[in-house]
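This briefing is for a reader new to the structure.

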Amino acid sequence: MFKNICVFCGSSFGNDASYTKEVHKFAQALVTNKINLIYGGGNAGLMGELARYVLERNGEVVGVIPKKIHENVQHIELTDLIIVDDMHQRKAKMYELADGFIALPGGIGTIEELAEALTWQQIGYHHKPIGILNPNGFYDKLISLLKHMATEGFLKAEFLEHLIISDCPDELLTKMEQFTPRFLSKWD
């Protein structure tokens, strides 16, 4: 059952106010579909806005945050906050709790988390859906790079078929719920 989604997104708002509006649309889609938010536990930027928006609409939000970050940021009263020792434990816990993963606009941390989720799927550590919410074509250049990696023989094109991309939150969530993994081997 598709009940908990781990979201990676920016701890900044970015330069375009439309990203905040897109986060609100996405948060509303989570609440409407009764999908719980699993995220990095922070208060800042898009990630904080996402958590607040879901909570204000009576959705459930679980934050997973390393001690070092927890000690240095302000906090939101979440449904549950899990404090771990480091970033590795944070990601492992978020991956354990989630039924799927979605990247919203963000910076290098967002890319790193998305890349790890894709890597883990590729080597068979999980078979959960991975999505990208792509408002205003935010991730077009990354998607182009991934296709280039496949063209150049560094990534199997079949793995890209597992990546679910949309600029519409409802469509993205529907496609993720309908996701059926094809069990591919990186080494074949």
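Two strands count as paired if DSSP finds at least two bridges between them; strands (E, at least two residues) and helices (H or I, at least four) are DSSP runs numbered from the N terminus. The model is predicted, so local features need pLDDT of at least 70 and side-chain atom pairs count only at pLDDT 80 or more, while totals for chains, interfaces and linings use all residues. Residues are numbered from 1 along each chain as its sequence is written, and side-chain values use heavy atoms, leaving out hydrogens and water.

**Sheet**
- Strand 5 (residues 100-103) and strand 6 (residues 130-133) run parallel and are joined by three bridges.
- Ile102 lies opposite Gly131 of strand 6.
- An open sheet with parallel pairing is formed by seven strands, ordered 4-3-2-1-5-6-7.
- Strand 4 (80-84) and strand 7 (163-166) are at the edges with a single partner strand each, so one side of each has no neighbour in the sheet.

**Helix**
- Helix 5 (residues 108-122) lies across strand 1, strand 5, strand 6 and strand 7, at about 150 degrees to strand 6 (angles run from 0 to 180 degrees between N-to-C directions of axes fitted to C-alpha atoms, for helices over the stretch in contact; contact means heavy atoms within 4.5 Å).

**Cores**
- A nonpolar core is a set of buried Ala, Val, Leu, Ile, Met, Phe, Trp, Tyr and Cys residues joined through side-chain atoms within 4.5 Å, where buried means under 20% relative accessible area (1.4 Å probe, protein chains only).
- In the largest nonpolar core, of 30 residues, Phe26, Leu37, Leu50 and Ile102 touch the most other members.
- A second, separate core has 23 residues, among them Ile82, Val84, Phe101 and Ile143.

Notes:
Buried means under 20% relative accessible area, exposed over 50%, partly exposed in between (1.4 Å probe, protein chains only).
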